[in-house]
Each structure stands twice: as structure tokens, then as C-alpha cells.
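Please keep the sequence and the structure in view while reading.

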Amino acid sequence: MTSLAAKLQSWRDACSDPNPDLVIGYLADAMATGNIDVRKACLRQVLANDNVDVQSAALRVIVAGLPVIRFRLGELVKGRAGGRADEIITSLQHGLIFHGSDGDAASGTAQWMPLVRNATPVEGTVGTVTVFGSSIQWAGKCYYDDRNLFDCQLSADLAEGGTLTGTFTLWDMQFPASASLFD
């Protein structure tokens, strides 16, 4: 236990360095460990930094390195209910999960595959997520059934507390969406 505590404190100290370039390098190293506790400890320190360039770089590193991210969706705010819409709404009640791959922290991009009515990623549903400052934009296809893929998109901004908050649009339906970078 003491070893883990010392390891996490070491990462917290490194990720609190006053040099912004070193901080981003440490975050990239923390992501590369594959250890969720290390990632969270470092990310929490980095996002506490009030330098917007550091926060933007941190978002690029995180988006490029996350293998999975879950967005919680609120109630339908725009669009129709009934038929297919009800089936989609039911499938999203526990959140919208994206599987990430091919991340590039330098460009702030990754390929995200959404799970809407599918339990595993489906070929053809991939879309590119891109970081713009403290915002992300994703556009791609969402699975409905073997014959139908729907256009969908996600726009979210980095908010206090390491949360991405925005809107998910699928077909003609729109939902508020949020994801904790500490999940």
C-alpha cells in the first residue's frame, strides 16, 4: 500500500511541475503506463493548472490516449419519440460508450467507434474526434441494425472538474451529454 501511495504522490508532484512543457510530457508518460490510478492522479494535477494552453494540450493527450470513454446522456431535448427512436433511447439509457483507437496527441485526433445498439464496435461506425482548444467535435455513423447506420455527432467543451459537457445528435434526436475524464 505504501508503495502505491508513494508512486501516486510521485506522479502528482511531477504533474504539478511549473514548466508547462514538462507537465504535458508527464501526462503523456502517465497515459502510456496504462495505469488508471496514475492517469487520474496526473490528470487531476494538470487540469488544476489555469494555463489554457496546458489544458488544451492535456485534452489532446487524453482524447488521443483513451481506449474507452462513456458519455451520460440526459433526456431527449429535440427530435421525435416512438418506433425506432424509442429503441435508440432505450439503448442509450446507460450511456453512450466510444471505443478509441489511432490517437495522435500532436494533432488532437483519434478514431472513436460508438456503441448505440451494438455491444461491440461495428465496422463502418468509426468517426474522427478532433480537439479544438478546450472543445471536442466528433462526427460519424451510429449502428441501428444490419441494414441501417445513422449519421451522428458529438460536440462537447471541457468544464471544471474534468468533465466534457455538450450535445449528442443521432438521426433527428438531440441529447445533452457529459463525460468525466476521471471515469
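## Basis of the description

Helices (H or I, at least four residues) and strands (E, at least two) are DSSP runs, numbered from the N terminus. The model is a predicted one, in which local features need pLDDT of at least 70 and side-chain atom pairs count only at pLDDT 80 or more, while totals for chains, interfaces and linings use all residues. Residues are numbered from 1 along each chain as its sequence is written, and side-chain values use heavy atoms, with hydrogens and water left out.

## The largest pocket

A pocket is found on a 1 Å grid over the protein atoms alone, as an open set of points where a 1.4 Å probe fits, with protein on both sides within 12 Å along at least five of seven lines; its lining residues have an atom within 4 Å of a point. Grid points are joined across faces, edges and corners, and the volume is the space filled by probe spheres set on the points. The largest pocket holds about 280 Å³ of space. It is lined by 16 residues, of which Arg39, Leu66, Pro67, Val68 and Asp183 are the closest to its centre.

Helix H2, helix H3 and strand E1 (68–73) each contribute at least two residues to this lining. By class, the lining comprises eight nonpolar, five polar and three charged residues. In this scheme Ala, Val, Leu, Ile, Met, Phe, Trp, Tyr, Cys and Pro are nonpolar, Asp, Glu, Lys and Arg are charged, and the others, Gly among them, are polar.

## Two disulfides

The structure contains two disulfides, a disulfide being a pair of cysteine sulfur atoms within 2.5 Å. Counting bonded cysteines along the chain, the pattern is 1-2, 3-4. Cys15 and Cys42 are both buried, where buried means under 20% relative accessible area, exposed over 50%, and partly exposed in between (1.4 Å probe, protein chains only).

In the other pair, the sulfur atoms of Cys142 and Cys152 are 2.0 Å apart. With 95 degrees about the S-S bond, this link is right-handed.

## Positive phi angles

Most residues other than glycine have a negative phi. Asp102 has a phi near 50 degrees, a positive value in a residue other than glycine. Asp102 lies in strand E2 (residues 96–104) and counts as exposed because its relative accessibility is 64%.

Trp171 likewise has a positive phi, near 60 degrees. Its place is the loop between strand E7 (163–170) and strand E8 (173–180), and at 32% relative accessibility Trp171 counts as partly exposed. Contact here means heavy atoms within 4.5 Å. Apart from neighbours within four places in sequence, Trp171 is in contact with Arg80, Arg84, Ala85, Ile88, Phe150 and Asp151. Trp171 and Phe150 are 21 residues apart in sequence, with their C-alpha atoms 5.8 Å apart.

## Strand E3

Thr109 is part of strand E3 (residues 109–115). Its side chain makes a polar contact with the side chain of Ser107 at 2.9 Å. A polar contact is a pair of N or O atoms within 3.5 Å; within protein, one must be able to donate a hydrogen and the other to accept it, and residues adjacent in sequence count only if both atoms are side-chain atoms. Beyond neighbours within four places in sequence, the contacts of Thr109 include Asp102, the residue with a phi near 50 degrees.

Pro114 is also located in strand E3. Pro114 is buried, with a relative accessible area of 0%. Leaving aside neighbours within four places in sequence, Pro114 is in contact with Leu96, Ile97, Phe98, Thr125, Trp138, Lys141 and Cys142. Among these, Cys142 forms a disulfide with Cys152.
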